Amino acid sequence: MAEVEEEARKQSEEFTDESEEEDSEDEPKLKYERLANGVTEILQNDAASCMTVHDKFLALGTHFGKVFLVDIQGNVTQKFEVSSVKINQISLDESGEHIGVCSEDGKVQVLGLYTREGFHEIFDCPIKVVAVHPQFTKSNYKQFVTGGKKLLLYERNWLNRWKMTVLHEGEGSITNIKWRANLIAWANNVRVKIYDISSKQCITNVLRDNVDLRPDMYPCSLCWKDNTTLIIGWGTSIKICAVKERNPTEMRDLPSRYVEIVTAFETEFFISGLAPLADQLVVLYFVKNSDHMDEEFRARPRLDIILPLHESYEEISSDALTVRNFRDNECRDYRLEHSEGESLFYIISPKDIVGARERDQDDHIDWLLEKKKYEEALMAADISFKNIKRHDVQKIGMAYINHLVEKGDYDTAARKCQKVLGKNMELWENEVYRFRTIGQLKAISRYLPRKDLCLKPAIYEMILYEFLKTDYEGFAILIKDWPGDLYNNKVIVQAVNDHLQKDPSNSTLLTTLAELCTYDQRYDKALEIYLKLRHKDVFQLIHKHNLFTSIEDKIVLLVEFDEEKAVDMLLDNEDKISIDRVVEELADRPELLHMYLHELFKRDHHKGQKYHERQIGLYAEFDRPNLLPFLRDSTHCPLEKALEVCQQRNFVEETVFLLSRMGNSRRALQMIMEELQDVDKAIEFAKEQDDAELWEDLISYSIDKPPFITGLLNNIGTHVDPILLIHRIKEGMEIPNLRDSLVKILQDYNLQILLREGCKKILVADSLSLLQKMHKTQMRGVRVDEENICESCHAAILPSDMGKPFGVVMFHCRHMFHRECLPSSGGAFPGVQYCNICSAKRVDPWK
């Protein structure tokens, strides 16, 4: 038995190899496997004539009249000796508990596989087809049909007897029959008919198209896609028929159902069998004879997946099948059966039975691996890792890495290690040693795990040694990228020092040594190296590890290295390095001290006030443009010292400012006119001081200088009366642009007059408006009630008896009096009364 199984396995492999699609670049849609084991033994001495498929088992009929029940692996579970001649058809109900069998010698048997009930009959003619009711297990559906020259319906009545009814006769032998729900479809030599068992009516006739083909050589294939869709393949034509309910208003004497052919098309082959696959069709066929085809190619049956269209079809895939003895077979020798529960198809030939199923994800990965499409295989396995059964994602990944290494693509292989090896330390270490063997440690170094998973320190040290021997830059990058706890830091430091003995000034090695010292918390050593190299990371190192106490004696080096960053750092951390300490360190470098104090002054005018006197000389020496702004903004600068420095260096503008600030405006003006000789600046200075004596000095100095006179005429019109200047001009003096200056004076005068008149009009209008508003306010009525009192007698202003006459006087100041309480009128304006209270305060009551 073991020898038979081994032979069957080899034959299956042979079949699979030979059944691949001709275009090897396209993945096949179906996977094939020969039914072996017991089936192989049966077909060695017998031949398959028919087969039907159930979800639980297969029922196989042979030419020697036997029926075998086998599982999907081909193991025989039951055997029935039905006849001595060919079994024509086998039918099973949906439950798989009853079987119907018919044979060439006219025998018909319907029996229960697990009960003793059964039907046995022998007819006087060959019975070609048999079909039991799909619900035969139920007592009210004990029905089956047989077909020879007639189509007979058998029903068991309430007396437990079988009643026979002729459903059809007269059109030749019945060649095929399929029963689905209440519909029976059968084919004879002329047409396909559908019978409704519930209404006991024949509802359609579908005529055969290829009338010139012999029906016994090219039999009709029938298949129900669902309860209302029948697929017919006959000769070279395929039709898809839909059973529909007729509108009740159209019935009359017509059946309640009718059939509509929704798709019909011709093919280029002879159909042996067909089955549904979702919205597609699986077709088993024979190639038509053609002079352009190889004889062996024509003899091999083909299994295609096609997409039916309205009047044509689209080929999805096509496989040429190499079944046993295919050269001896004809179109009628093949059958196609399928399992409705799953996409499983069986190709039946006399000496071979082959199963075909849709390829699953494992098959897809097999094909990708066979084609060496490892990356796609890895991606497919990764996406469908829950559904694959035969493959392992990691194993596929390892195969991919091996393939890349063999190809010499070491960088890609190393990159894939990250995804494939994951957190498997053993695999990682194996791969590292393999890359070492092939001299590609550098390739895998960038992808080694360094966070969640850490390998042994020796692995990382081995790679660092490799880089240290051949690539200082790469070594530095690894030290920068790898955390310091991955390897023994002291060992690597010693190795770097050994190399520095050969090349002491190598900046890359020195920078790397500083990094290693930082990892080892030897910050002073790292700082010393960074300062020596003038490395940009020195400031980051100081901030990160709070090394301010370590740099107190290195302030000059830091400022020399990067003035801006160093000064900003010192000012930002005054609490850690005091201003006095910085000034002390920079005392011997006045240019650096000036930069520090200047930035300090910009941030806060008062923090470095005790150094303002020193800053005067520093600004004068290194930064004169900022001296004057410093003198203006500083309130702690000694003016005498500043004046002395500016006079020594002949800084006129700064001296003028200091003299002005010290109150010596006349001397300041004199310097502007004599040393700067800038009339505009002198006029601007006089305007700022707004002193008549300064204007007089300016006019006196300018009176014999025509350019100065022009400047004064153009600018003093709004501060000094121009007439005073014009009267002092000597007769005959030539003054540049005098006419323009006089015109400007007149224009300025006219403008002043216009402004005054405009202001006067506005003031008069505002005064009148306010007067009217005040008058209107004073003329308003005032509420007087019992709470108001007389300001003289302090009695209630209103009498208790309102019926008696009384007099009340109220002034605009809102003081109220009884008339009799007011003194008699007199004074400067007889007849005019005044408020006693406001008069005592010397306030005009009318205002």
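1. The crossing of helices α5 and α6 is left-handed, meaning that the near helix is turned anticlockwise from the far one by less than a right angle. The model is predicted, with local features needing pLDDT of at least 70 and side-chain atom pairs counting only at pLDDT 80 or more, while totals for chains, interfaces and linings use all residues. Residues are numbered from 1 along each chain as its sequence is written, and side-chain values use heavy atoms, without hydrogens and water.

2. The axes of α5 (residues 374–383) and α6 (residues 393–407) come within 9 Å and cross at roughly 165°, the axes being lines fitted to C-alpha atoms over the stretch in contact, with angles from 0 to 180 degrees between N-to-C directions. The two helices are therefore roughly antiparallel, a label for angles over 145 degrees.

3. Contact (heavy atoms within 4.5 Å) involves, on the α5 side, Tyr 374, Glu 375, Ala 377, Leu 378, Ala 381 and Asp 382, and on the α6 side Val 393, Ile 396, Gly 397, Ala 399, Tyr 400 and His 403.

4. Elsewhere, four strands form an open sheet in the order β22-β23-β24-β25, with antiparallel pairing, where pairing requires at least two DSSP bridges between two strands. Because β22 (269–277) and β25 (313–320) stand at the edges with a single partner strand each, one side of each has no neighbour in the sheet. From one strand to the next, the twist averages 25°.

5. Strand β22 is joined to the antiparallel β23 (residues 280–287) by eight bridges, and Pro 276 has Leu 281 as its bridge partner in β23.

Note on methods. Parallel < 35°, antiparallel > 145°, perpendicular 65-115°, else oblique.
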